[in-house]
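Me: Please take a close look at the nonpolar core of this model and walk me through the parts around it. I would like one connected account, with the cut-offs spelled out.

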Amino acid sequence: MNLIALVGELVEQPVLRESAMGNRYAIMTLKVTRPFAGVDGRYESDVFTVSIWRGIAESIVDNGKIGDKIAMKGRLQSRVYEGSDGVERR
C-alpha cells in the first residue's frame, strides 16, 4: 500500500495551474515539524513539495494562507529525469 499522511505549515502560497489534459493542479510546499526533539532539544522540520489536484487544489489556492496548518494524505511517487549534465536522477 502506498499511503503518506502529512500535517504541516503552508510555506508558500500555491498557484493554480492547468495540465496539458485540462486538469487543474497546484504545487504546495509544507514544513512538517518532527514529533521529537534532537539531542540539542530543538525540533527540526522537513520541507515537502506536494502536488494537489482538481477541487482540492482550487480550495487550497482560494482559502489557504502562508502559515496555515494543512493536513493531507496521498501517495508517494518518484520520478526519473535527466539533468542538464546528462546524469539520470530521481
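**The core and its surroundings**

Reply: The largest nonpolar core has 13 residues, and those touching the most other members are L6, M28, L30, V50, I52, I70 and M72. At least two core residues come from each of β1 (4-10), β3 (24-33), β4 (45-53), α1 and β5 (69-74). The biggest contribution is that of β3, with 4 residues. A nonpolar core here is a set of buried Ala, Val, Leu, Ile, Met, Phe, Trp, Tyr and Cys residues joined through side-chain atoms within 4.5 Å. Buried means under 20% relative accessible area, exposed means over 50%, and partly exposed lies in between (1.4 Å probe, protein chains only). Helices (H or I, at least four residues) and strands (E, at least two) are DSSP runs, numbered from the N terminus.

A word on the basis of all this: the model is predicted, so local features need pLDDT of at least 70 and side-chain atom pairs count only at pLDDT 80 or more, while totals for chains, interfaces and linings use all residues. Residues are numbered from 1 along each chain as its sequence is written, and side-chain values use heavy atoms, with hydrogens and water left out.

Leaving aside residues up to four places away in sequence, M72 touches I4, A5, L6, M28, L30 and V50, a contact being heavy atoms within 4.5 Å.

Now to the strand pairing, which requires DSSP to find at least two bridges between two strands. β1 and β5 are antiparallel partners, joined by 6 bridges; within this pairing, V7 has A71 in β5 as its bridge partner. β1 also runs antiparallel to β3, with 2 bridges between them, and here L10 stands opposite L30.

Next comes the helix. In α1, the buried residues are A57, I60 and V61. These residues sit on the same side of α1, because they cover an arc of only 95° around the axis, the arc being that of the directions from the helix axis to the C-beta atoms. Their cover includes β3, β4 and β5. On the face of α1 turned away from the buried side are the exposed residues D62 and N63. D62 belongs to α1, which covers residues 54-63, and its relative accessibility of 62% is why D62 counts as exposed.

Because Y25 is in strand β3 and W53 in strand β4, the pair ties together parts 28 residues apart in sequence. W53 itself is partly exposed, at a relative accessible area of 38%.

Finally, the whole chain. The protein has 1 helix and 7 strands, in the order β-β-β-β-α-β-β-β along the sequence. Of its 90 residues, 22% count as buried. Among contacts with a separation of 6 or more, 49% are between residues 24 or more positions apart. The C-alpha trace spans about 50 × 40 × 30 Å along its principal axes.
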